[in-house]
Amino acid sequence: MLQSPLLIRQYAERPGRVLASTLPYESRPAEQRRAKFDNGDSVVLVAHCARDQSGRHKVTIASGFVLPVPEDPDEGPLIATCAHTLEEVRNLERSPSWDGVSSGSFLVSGTAADLSVDPISSIVSALPRSDILLLRSASRRANARRPPSVTLPVSPYPAARGTAVRAHLVSHTRPLEAGWTPWVGGTWSRWVRGSVLAYRDFAGRETEPGTYDALAHMSFLPLPTPGSSGGPIVDEESGAVVGVVLGTRMDSRVDGVRGYGVPSETIYEMFSLPGLR
């Protein structure tokens, strides 16, 4: 059952909201904290759904990952994902051709034969300009079937150009290439090798880590697949998240199409700095 458009209102009311909690700095996580590339258990699927009074419906799919922030006993985990898939549902509510839209967002886990769909309880914060969203899933008490959250370490430092990374990619049909494993609800996933190619500021100018220029977006390989947006880009050596997948874009006529994302340091803008209140 779809909810009222509460989440859409929270998204509009909470851009740039800074949480009282802090996000740990884990640029070099311990062995047991590093991302594991043998499965997609540390990545979640987020579905934003809408329907109107005539019965028309739309579902947008994104990936996401759980942040290592202490959970409230009465709340579920905190998840980082992209914002543009929620924006698609928000645009339907503004469309004159869609009447009486109801919408809701859900955390989907399990297999096609044993699917678990848990509601998202709130949009905690958002950075629309950076296409990043923090959302909270429903209380763990609300669904005893949900497995414990597998969190990923996040680095506050941008990866240098040429850094070897792995991006979590999703396919809605079984790919012919080897290495893809069954994922959520009949989909397939794979941690695909690639590298960081470049950074740009909000004006589209090329920038470099270690300077005073804003690192608004990053380009990388491999090319993301539909459903991969919001998923993590992980430094292959350290096992820490260094970016978030947003999609693909034409970087230039010379460079062609590249993966498009945001460096993970952007996530820290929604959290309090360590030691500060």
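This is a predicted model: local features need pLDDT of at least 70, side-chain atom pairs count only at pLDDT 80 or more; totals for chains, interfaces and linings use all residues.
## Salt bridges, cores and a surface patch

R161, R200, E206 and E208 are linked with one another in a network of salt bridges.

The secondary structure of the protein chain amounts to 2 helices and 14 strands. Of its 277 residues, 52% count as buried, and the accessible surface comes to about 13,200 Å², with 52% of that area belonging to carbon and sulfur atoms. When contacts in the protein chain with a separation of 6 or more are considered, 67% of them are accounted for by residues 24 or more positions apart.

In soluble globular proteins, nonpolar side chains tend to be buried together. In this model the largest nonpolar core has 36 residues, of which F65, L67, L134 and F271 touch the most other members. Several strands give two or more residues to this core, namely strand 1 (43–51), strand 2 (57–66), strand 3 (78–82), strand 4 (102–111), strand 5 (114–127) and strand 6 (132–137), together with strand 13 (241–252) and strand 14 (256–263). The largest share, 4 residues, comes from strand 1. Apart from this core lies another, of 20 residues, which includes L7, V46, L86 and V101.

Nonpolar side chains are also found on the surface, where L221, L223, M250 and V257 form a patch with about 340 Å² of accessible area together.

Which residue does R166 meet in a salt bridge? The partner is E236, and the N to O distance between the two side chains is 2.8 Å. R166 sits in strand 7 (residues 164–171), whereas E236 lies in the loop between strand 12 (232–235) and strand 13, so the pair ties together parts that are 70 residues apart in sequence. The two partners fall into separate accessibility classes, since R166 has a relative accessible area of 13% and is therefore buried, under the 20% cut-off, while E236, at 24%, is partly exposed. The side chains of R166 and E236 are also joined by a polar contact of 2.8 Å. Leaving aside residues up to four places away in sequence, R166 touches F37, W191, V192, R193, P232, I233, V234 and E236, so that its salt-bridge partner is one of the residues in this list.

R56 forms a salt bridge with D52, the closest N and O atoms being 3.0 Å apart; here the arginine R56 is partly exposed, with a relative accessible area of 36%, and the acidic D52 is buried, at 7%. In the other pair, the side chains of E31 and R34 meet with an N to O distance of 3.1 Å. E31 is exposed, its relative accessible area of 52% lying over the 50% cut-off, and R34, at 33%, counts as partly exposed.

Terms used: Residues are numbered from 1 along each chain as its sequence is written. Side-chain values use heavy atoms; hydrogens and water are left out. A nonpolar core is a set of buried Ala, Val, Leu, Ile, Met, Phe, Trp, Tyr and Cys residues joined through side-chain atoms within 4.5 Å. Buried means under 20% relative accessible area, exposed over 50%, partly exposed in between (1.4 Å probe, protein chains only). Patches are made of residues with over 30% relative accessible area and no salt bridge: like charges are joined within 9 Å, nonpolar side chains (Val, Leu, Ile, Met, Phe, Trp, Tyr) within 5 Å. Accessible areas come from the Shrake-Rupley method with a 1.4 Å probe; for residues, only the protein chains shown count as cover. A salt bridge is a side-chain nitrogen of Lys or Arg within 4 Å of a carboxyl oxygen of Asp or Glu. A polar contact is a pair of N or O atoms within 3.5 Å; within protein, one must be able to donate a hydrogen and the other to accept it, and residues adjacent in sequence count only if both atoms are side-chain atoms. Contact means heavy atoms within 4.5 Å.
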